[in-house]
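Visitor: Hey, could you walk me through this one? I'm new to reading structures.

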Amino acid sequence: MSLEEDNATHVKGDFCKLLLPLVTAHRYDGPTRLAHSEPKILHEKIHYKSYSDDEITRILTTRSKAQLLATFNYNNDAFGHPISKVALTSFVLQNCKY
C-alpha cells in the first residue's frame, strides 16, 4: 500500500490534507528570520480553529526543524504562551480514524 493510499484509508479531514505534504514536502532550509512573521499567522489560525487553512499547511510542511523551533520560540515570547498542545492534540484526535 502506498503512503497516499494508507493516508486516505486511516486519516480523514484536515489532518489528511496536512499529513502527506508533511512527510513528502521539500523543506526550506533558509534563515530563521521567518520566525518573526509566521507565529502571528499560526496563533491566529489556531485561535480560530482554522486548522485546514493553507497557511498552516504551508508553514508546517515547508519549514526546516530549526525554522519551526525558532517560530515556536518566538510565538512563546510574543504571545506569552506556547502554541497550544491541546489545540494541536485536539486537531489530531478529530481527524484520525485510529
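Guide: Arg58, for one, counts as partly exposed at 30% relative accessibility. A heads-up too: this is a predicted model, where local features need pLDDT of at least 70 and side-chain atom pairs count only at pLDDT 80 or more, while totals for chains, interfaces and linings use all residues. Residues are numbered from 1 along each chain as its sequence is written, and side-chain values use heavy atoms, with hydrogens and water left out.

Visitor: Got it. How many helices and strands are there in the protein?

Guide: Six helices and zero strands. Both are DSSP runs numbered from the N terminus: helices are H or I with at least four residues, strands are E with at least two.

Visitor: And what share of the residues is buried?

Guide: 27% of the 98 residues. In helix α4 (residues 54-62), the buried ones are Ile56, Thr57, Ile59, Leu60 and Thr61.

Visitor: Back to Arg58. Which side chains does Arg58 meet in a salt bridge?

Guide: Glu38, at 3.3 Å from N to O, and Glu55, at 2.8 Å. A salt bridge here is a side-chain nitrogen of Lys or Arg within 4 Å of a carboxyl oxygen of Asp or Glu.

Visitor: What does Asp53 do at the end of α4?

Guide: Asp53 caps the N-terminal end, with a side-chain oxygen 2.8 Å from the backbone nitrogen of Glu55. Asp53 also forms a salt bridge with Lys45, where the closest N and O atoms are 3.2 Å apart.

Visitor: New topic: is Thr71 buried or exposed?

Guide: Buried, at 1% relative accessibility. Thr71 sits in helix α5 (residues 65-79) and touches Ala35, Glu38, Pro39 and Leu42, leaving out residues up to four places away in sequence. Touching is a contact, meaning heavy atoms within 4.5 Å.

Visitor: Last one: what's the phi of Lys49?

Guide: It's positive, about 55 degrees, although Lys49 is not a glycine. Most residues other than glycine have a negative phi. Lys49 lies in the loop between α3 (38-47) and α4, and at 63% relative accessibility Lys49 counts as exposed.

Notes
Buried < 20%, exposed > 50% of the residue type's maximum accessible area, 1.4 Å probe, protein only. Polar contact = N/O pair within 3.5 Å; in protein donor to acceptor, adjacent residues only side chain to side chain.
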